[in-house]
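Morning, everyone. I'll take one model today and walk through its ligand site and its metal site.

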Amino acid sequence: MTFHNLSAEQGDPSAKGSGNAATDKFKHEAVKSDTSPERAFAIYQDVFKAIEDIAHKHQVTYDEYRVLKNWLIQVGEYGEWPLWLDVFVEHEIEKVNYERKGYTGTKGSIEGPYYVENSPKLEWNAEMPMRDKDREATPLIFSGQVTDVDGNGLGGATVELWHADEDGYYSQFAPGIPEWNLRGTIVTNENGEYSIKTLQPAPYQIPTDGPTGWFIASYEGHPWRPAHLHLRVKHPGYREITTQLYFRGGDWVDNDVATAVKPELILDPQQDDNGNNTVNYSFALDKED
Ligand code: MBD
Ligand code: FE
């Protein structure tokens, strides 16, 4: 299955459909690292030491080992490695790298499995690509400014925005949704300002019918992420940020299955006279070193 074919009528509204779409997309990314053999050895040694410790501490049984082996095979078959890793591992990698680089600007958060590059460019005050059914949700007018860390506006910055619809589905990862639905790239004006009309997204539920769902059920956890907007903000000469924004008081904000909420990233939209939620958020970018 290729994710390019998942729009329109094709695809499968299941863990396998979204999982394999995310895997297929990831396979098209150039993935490499200049990790030295010494560093690789040091990391692998620590991984095996941790496994050894866990096996002993919990007296892991042969049945448990075989269940693990079967589960790992199923994660691959359902294409859920991007999902499982981004939900349970990415937040720690994001944190380590944020701390090492000493950012002082806007806080980042995880990318997750559903980013697609080259989304359509949108004009100032434009509406995100959406269907009539999306217009039934509460509109969200999202505006603000991209600045440097001293607050100077950065004109010509790009703000890429992607998020789920009111059913919790992402275009290109669920069937029957137009290719670029709720995905767009906004260019800031000469003062670094942007403004876009979208809709209030809904919480996202990890598919429960695949291995990531079984994993969560095995410890009686919940499969929910709070409603969120995904953002990637770029300007030449500055460090790009990948982040997410959440909504104060929303379900799961305090208990995100992906552990990706930070207090600085919670919005508090206000309703205007036309029934739109409106919110202002500014992004401060660190200079590239
Ligand atoms: C999502 O929508 C998401 O943002 C993450 C990080 C993981 C799974 C689904
Ligand atoms: Fe998401």
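First, a term. A cavity here is a set of grid points, computed over the protein atoms alone, where a 1.4 Å probe fits but cannot get out. Keep in mind that this is a predicted model.

Now the site. Ligand 1 takes up the space of the largest cavity. What surrounds ligand 1? The shell is Leu83, Val87, Ile110, Gly112, Pro113, Tyr114, Tyr170, Tyr204, Arg225, His228 and His230. By class, that shell splits into seven nonpolar residues, three polar and one charged.

Next, the polar contacts. The side chain of Tyr170 puts an N or O atom 2.9 Å from an oxygen atom of ligand 1. The side chain of Arg225 also has an N or O atom 2.9 Å from a ligand 1 oxygen. For His228, a polar side-chain atom sits 3.2 Å from an oxygen atom of ligand 1. And the cover? On its own, ligand 1 has 260 Å² of accessible area, and the protein covers 100% of that.

On to the metal. Which protein atoms are donors to the iron ion, ligand 2? They are Tyr170 through OH, His228 through NE2 and His230 through NE2. Their distances from the iron ion run from 1.9 to 2.1 Å. Along the sequence, the donor spacing reads Y-x57-H-x1-H. Tyr170 and His228 are 58 residues apart, so to speak of one pair, they link distant parts of the chain. Tyr170 is in the loop between β3 (158-162) and β4 (183-187). His228 is in the loop between β7 (224-225) and β8 (229-234).

Methods. Residues numbered from 1 in each chain as written. Chains lettered and ligands numbered in written order. Predicted model: local features only at pLDDT ≥ 70, side-chain atom pairs only at ≥ 80, totals over all residues. Heavy atoms only, no water. Near = heavy atom within 4 Å. Polar contact = N/O pair within 3.5 Å; in protein donor to acceptor, adjacent residues only side chain to side chain. Areas by Shrake-Rupley, 256 points an atom, 1.4 Å probe, with all protein chains shown as cover. 1 Å grid on protein atoms, 1.4 Å probe; cavity = no way out; pocket = protein on both sides within 12 Å on 5 of 7 lines; lining within 4 Å. Sits in = over half its atoms within 2 Å of the grid points. Nonpolar A, V, L, I, M, F, W, Y, C, P; charged D, E, K, R; others polar. Donors = N, O, S within 2.8 Å, 3.2 Å for Na, K, Ca; no water. Helix = DSSP H or I, 4+ residues; strand = E, 2+ residues; numbered from the N terminus.
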